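Subject: Structure handover

Hello,

Here is the structure I said I would pass on.

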Amino acid sequence: MFLRRGSLAVLFALGASALCAQDTPQGSGDAAKTAESREVSASSGTKLVFPVLVFDRSRVLSQSVAGQALEAEIEEARAALLAENEQIYADLETEEQEIADAKPLMSEEAFRIRAQEFDTKVTEARSAQDQKARDIQTLYDDRIGEIEQKMNDALATIARDLGAVVVFERGQVYLMNGAIDISRLVIEKLDEDLAEDTDTAPADQDTAPSED
């Protein structure tokens, strides 16, 4: 029924992992640096053909403009939610102390009712904050899906241009020549495509007939 001192922390705390299990870039190291220096050059005048290509999904998501913007947006939302959680927790803790202080002045029945109301308030507050955390995760998942669709389009274009018949995610490859890593090309193509989408959106709106 009535919460004991300190029980709010257990009942109300939100795990940071529940807010957003976001993708994080994999570690690089000397091999990755070597691959970086040997990436396919989009500006080369020679027609290059690579039947097999690889790309680093984590790198594309973390270094592309869209990926960085999403990461910043989610981090801002997560920080705001954590700050809100802390304020709600502080308010509930104050109210809990007020109820405890008033207990000697209340009848047993009145105290029981007050304690039940407080317990319900805590439960509802946690439920609301948990839903906000899920909303942030849903936003992240939806936006990542949109970015990955654009990334797949960029991969398809690059693979076609280079005559590739298969493209692997870098984590699936045990040993490779860094020259077939097209991560940088994918980032550039993804940024370019999304920039074009942004530039054309206002133009589409301008073509709509105006009402006199």
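This is a predicted model: local features need pLDDT of at least 70, side-chain atom pairs count only at pLDDT 80 or more; totals for chains, interfaces and linings use all residues.

Residues are numbered from 1 along each chain as its sequence is written, and side-chain values use heavy atoms, with hydrogens and water left out.

The protein has seven helices and two strands, taken as DSSP runs (helices H or I, at least four residues; strands E, at least two) and numbered from the N terminus. Their order from the N terminus is α-α-α-β-α-α-α-β-α. Of the 212 residues, 31% are buried (under 20% relative accessible area, 1.4 Å probe, protein chains only). The exposed surface comes to about 13100 Å², with 52% of it from carbon and sulfur atoms (Shrake-Rupley method, 1.4 Å probe).

Helix α6 covers residues 108-161, 54 residues in total, and spans 79 Å from first C-alpha to last, close to the expected 80 Å (1.5 Å times one less than its number of residues). Just after α6, glycine 163 has a positive phi of about 70°.

The axes of α5 (residues 65-102) and α6 come within 11 Å and cross at roughly 180° (lines fitted to C-alpha atoms over the stretch in contact; angles from 0 to 180 degrees between N-to-C directions). The pair is therefore roughly antiparallel (over 145 degrees).

Regards

Conventions:
Angles under 35 degrees count as roughly parallel, over 145 as roughly antiparallel, 65 to 115 as roughly perpendicular and the rest as oblique. Buried means under 20% relative accessible area, exposed over 50%, partly exposed in between (1.4 Å probe, protein chains only).
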